[in-house]
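Welcome! Take a moment to look over the chain below, and then let's walk through some of its features together.

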Amino acid sequence: DWTINYRVPKKNTRKLKTVWWEKSHDAGTHGTELLKRFLGAQGLFPFPKSVYAVKDCLAAVIRNRPNALVLDFFAGSGTTLHATCMLNTEDGGNRRCVMVTNNEVEEKTVRDLHKQNIYRGDPEFEKHGIFAQATRPRCQAVITGLRPDGKKVIGNDISGRPFSRGFEENVEFFQVDYLDPDDIDLGNQFTSILPPLW
């Protein structure tokens, strides 16, 4: 029998503090105000996190994994994609980010739309969702450096890099609709589910 020991030098790792006091982690300045810069409007998403707090959280796990795949099942305003892009820019990484959202619409807006006989699936309904109002436009603005209105995103990140410079990353959006489970069991929806399987 042989035993192989693998040693990781302590200088490459460190224990993180449980409480962070960085000014860059302020959700008001680097969450709400930052989102307003990228979307060109305010109030489209409640309580976005600081992109720098999310970046530091991701870095704690994937800083030394330049090909990591980040999965965020509650995409919100797209902060995770933004933070992943920032990490890649810092070290030339190829990290990828997959985000999922259900395009949730605020409850009061849902009631108002239902009174007008507008329901989920209708374009008039869907345009009020988180994905349509915040996630997609922010992701596009982060990558391109241009707001939804076509103007350059104003300002610089805390490292001095202009927001209008965008990032080298690409972004793709996929819409997944609900299908009748019975149709799927009968094999009648194979062409509909084939693209996500590939």
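Let's begin with Asn117, which counts as exposed because its relative accessibility is 58% (buried means under 20% relative accessible area, exposed over 50%, and partly exposed in between, with a 1.4 Å probe and protein chains only). Asn117 lies in the loop between α4 and α5 (123-126), and its phi is positive, about 60°, although it is not a glycine. Helices (H or I, at least four residues) and strands (E, at least two) are DSSP runs, numbered from the N terminus.

This is a predicted model, in which local features need pLDDT of at least 70 and side-chain atom pairs count only at pLDDT 80 or more, while totals for chains, interfaces and linings use all residues. Residues are numbered from 1 along each chain as its sequence is written, and side-chain values use heavy atoms, with hydrogens and water left out.

**Other positive phi angles**

- Phe47 is not a glycine, yet it has a positive phi of about 55°.
- You will find Phe47 in the loop between α1 and α2, and it is exposed, with a relative accessible area of 77%.

- Helix α6 covers residues 130-144, which makes 15 residues, and reaches 20 Å from its first C-alpha to its last, close to the 21 Å expected at 1.5 Å a residue (the expected span is 1.5 Å times one less than the number of residues).
- Buried residues of α6 include Ala134, Pro137, Cys139 and Val142.
- The buried residues of α6 pack against α1 (27-39), α2 (51-62), α3 (79-91) and β2, where contact means heavy atoms within 4.5 Å.
- Among the buried residues of α2 are Val51, Tyr52, Leu58 and Ile62, and the packing partners of its buried residues are α1, β1 (69-72), α3 and α6.

**Cysteines**

- How many disulfides are there? The count comes to 0, a disulfide being a pair of cysteine sulfur atoms within 2.5 Å.
- Cys139 is in no disulfide either, as the nearest cysteine sulfur, that of Cys97, is 7.6 Å away.
- Is each of these two buried or partly exposed? Cys57 is partly exposed, with a relative accessible area of 44%, while Cys139 is buried, at 1%.

**Salt bridges**

- Side chains of opposite charge can pair when their charged atoms come close.
- The structure holds 9 salt bridges, each being a side-chain nitrogen of Lys or Arg within 4 Å of a carboxyl oxygen of Asp or Glu.
- Glu33 forms a salt bridge with Lys36, with the closest N and O atoms 3.9 Å apart.
- Glu33 and Lys36 both lie in helix α1, 3 residues apart, about one turn of the helix.
- An α-helix has 3.6 residues a turn, so residues three or four places apart point the same way.
- Arg95 pairs with Asp91 in a salt bridge, with the closest N and O atoms 2.7 Å apart.
- Arg95 is buried, with a relative accessible area of 4%, whereas Asp91 is partly exposed, at 42%.
- Arg120 and Glu126 also meet in a salt bridge, at 3.6 Å from N to O.
- Lys55, Arg63 and Glu90 are linked in a network of salt bridges.

- Ser24 sits in the segment before α1 and counts as buried, at 13% relative accessibility.
- Not counting residues up to four places away in sequence, Ser24 touches His30, Ser50, Tyr52, Ala53 and Ile158.
- Asn88 lies in helix α3 and is buried, with a relative accessible area of 5%.
- With residues up to four places away in sequence again left out, Asn88 touches Pro66, Gly93, Asn94, Arg95 and Glu169.

- Glu168 is found in the loop between α6 and α7 (181-185), and it counts as exposed, at 77% relative accessibility.
- Glu168 and Ile118 are 50 residues apart in sequence and 39 Å apart in space, C-alpha to C-alpha.
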